[in-house]
Amino acid sequence: MYLSMARGEAGPLAAALRDRPGAPRDAHWATFVRNHDELTLDKLDDDERAEVFAAFGPDEDMQLYGRGLRRRLPPMVEGDRRRVELAYSLLFSLPGTPVLFYGEEIGMGENLTAEGRQAVRTPMQWTPDKGGGFSTADADALPNPVVRGAFGPRQVNVHDQAHDPDSLFRRMRTLIERYRDTPELAWGAYEVLDADDPGVLAHISSLPEGAVLALHNFSGREVTATTNVPGLKGGRLLTDIFTGDTVKSAAGGLVRTELEPYGYRWLRAPR
């Protein structure tokens, strides 16, 4: 995923998903965008790893063990909300059980003054107050230092975002709610589809009752992607799960969809 984000192309992630073995019906992969350790890139070759380092952690202090990044996602993409949302839309729409590390729901950053992996294990930022509402103790008594700067508690905290309808926290809640309303994503048969733009990942999750087509634009440009949806007839209406807007399929099951830079859509297709 991070190589695709670095390149602005869906190909690396699409290839990995096609190669990944399936899971039993009553079990699944646990998937995450970030966790409490470094972002391990040991499955990439040296050149690919260098691409991700250059894009998301060019300073040696941001890297760990020569194989990973000790960073959280928002600072990696310089606070670009579109790219943050893209990653979490993928988390909730790709096959697997989505797992959230604390602080991801509000877009917390890391503190690189902490040693090693501790950089991403900073106190939860509940409020803009001293210690982020995590503790009233003196800074030197905390297990890890509070994040500083643009991603610190004054700018990023639960209290403020819970009262802001346009916040990342609210968007994350929407993603979770839509995921829970979309059994196709959890239980459906999964397939990566071909899209006619290299920036777009298209995949479908299908149940006998219906299917959900998910589209993600890794590029920083507006695109119009055309995807052939197996088993879909022409003239059928696909409904956007987030907005309620509809897209009509063309003959042969072709679906033509506009996507903003780093945009994404989940479209429910009738059977």
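Helices are DSSP runs of H or I that span at least four residues, and they are numbered from the N terminus. In this predicted model, helix 4 covers residues 73–76 and helix 5 covers residues 81–93, and the loop between these two helices contains Glu-78. The backbone of Glu-78 has a phi near 55 degrees, a positive value although the residue is not glycine. Most residues other than glycine have a negative phi. Glu-78 counts as exposed because its relative accessibility is 74%, where the cut-off for exposed is over 50%.

A positive phi, near 60 degrees, is also found at Tyr-262, likewise a residue other than glycine. Tyr-262 is placed in the loop between strand 12 (254–259) and strand 13 (264–269). With a relative accessible area of 14%, Tyr-262 is buried, since that term applies under 20%.

Strand 7 comprises residues 200–207 and strand 8 comprises residues 210–217; the two run antiparallel and are joined by 8 bridges. The bridge partner of Ala-202 is Leu-215, which lies in strand 8.

Key:
Residues are numbered from 1 along each chain as its sequence is written. This is a predicted model: local features need pLDDT of at least 70, side-chain atom pairs count only at pLDDT 80 or more; totals for chains, interfaces and linings use all residues. Side-chain values use heavy atoms; hydrogens and water are left out. Buried means under 20% relative accessible area, exposed over 50%, partly exposed in between (1.4 Å probe, protein chains only). Two strands pair if DSSP finds at least two bridges between them.
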